[in-house]
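Hi,

Here's the structure I promised to pass on. Have a look, and my notes follow below.

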Amino acid sequence: MINTVHDAGWEATLVRAGTIPMPGKLLAPSGVLPEVVDLPSSVLLLRGHGRTLLVDTSAGSMAEEWDGATSDLTAALLAAGAVPDEIDTVILTHLDFDHCGGVIVDGRPAFADARVVVSREAADWAREADDPGAAAIREIHAIGLLDVWHGGEVAPGLSLLDAPGHRIGHCALAIGTARYLADVVHHPLHVEHLDWDREFDSDPEVALATRSAMLATAAGPVACSHIEGWATIERDGNTLRWKPL
């Protein structure tokens, strides 16, 4: 299993920062998967161009939002050879608890003076939403560390990509030809069976169209928040499959 790829001058390392016990029946038709599947809750550590960036933060103190979820981002970063204070920018692909919960610790930014980047749609939603993730972004905004992405590169060779349908403002990340797809899919089987991954989408039909388009056009390595390791998308006629690197 390959956890690190290199593209566009970046070292992109998938870091498992927690777990989420997921009923198998929420990921696939009943009986296909075990009764409970321990999904990784991963973040992406980016080093390059004299910078260190982090994509998503795992659940942090919001782990209690899901029964049995775990999160220890600091330990995971240390194991990957990084410390929170060296991170200069945090990119949040969306504001679900397991992606943004670690951005605030005890009412303070978890990453010193790091800028926190969210999409315009996510920022607009967070202004008034009654949601733990939205509240965290309001705290970051009040501190003066929030950057709202309106398009273009967020760093050399890094661009956010709109990935609608899962959550308001959900984005993927392009790293040269590599793609970090966040929650576009949640399990390798979802690549072959695109319609199985509907349980957590706010707009399932839009999410299905996003999933289909992003996977069909993936030309380099891909990674997702809840799947171990980097992979490529293998094509067999009209069928797509997740092929671990």
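A nonpolar core here is a set of buried Ala, Val, Leu, Ile, Met, Phe, Trp, Tyr and Cys residues joined through side-chain atoms within 4.5 Å, with buried meaning under 20% relative accessible area (1.4 Å probe, protein chains only). Bear in mind that this is a predicted model, where local features need pLDDT of at least 70, side-chain atom pairs count only at pLDDT 80 or more, and totals for chains, interfaces and linings use all residues. Residues are numbered from 1 along each chain as its sequence is written, and side-chain values use heavy atoms, leaving out hydrogens and water.

The largest such core has 43 residues, and L54, L77, L92, L95, F111 and V118 have the most contacts inside it. Among the elements giving it two or more residues are β2, β3, β9 (115-119) and α4 (132-143); helices (H or I, at least four residues) and strands (E, at least two) are DSSP runs, numbered from the N terminus. A second, separate core of 21 residues includes V117 and L158.

Back to V118: beyond its neighbours within four places in sequence, its contacts (heavy atoms within 4.5 Å) include L92, L95, I137 and W149.

Now β3 (residues 36-48), where 10 of 13 residues are buried. It pairs (at least two DSSP bridges between the strands) with β2 (residues 10-23), antiparallel, over 12 bridges; I20 has L39 as its bridge partner in β3. β3 also runs antiparallel to β4 (residues 51-55), with 5 bridges, and L46 sits opposite L53 of β4. That β3-β4 hairpin has 2 residues between its strands, and H49 in the turn has a positive phi of about 55°.

Cheers

Definitions and conventions:
Buried means under 20% relative accessible area, exposed over 50%, partly exposed in between (1.4 Å probe, protein chains only).
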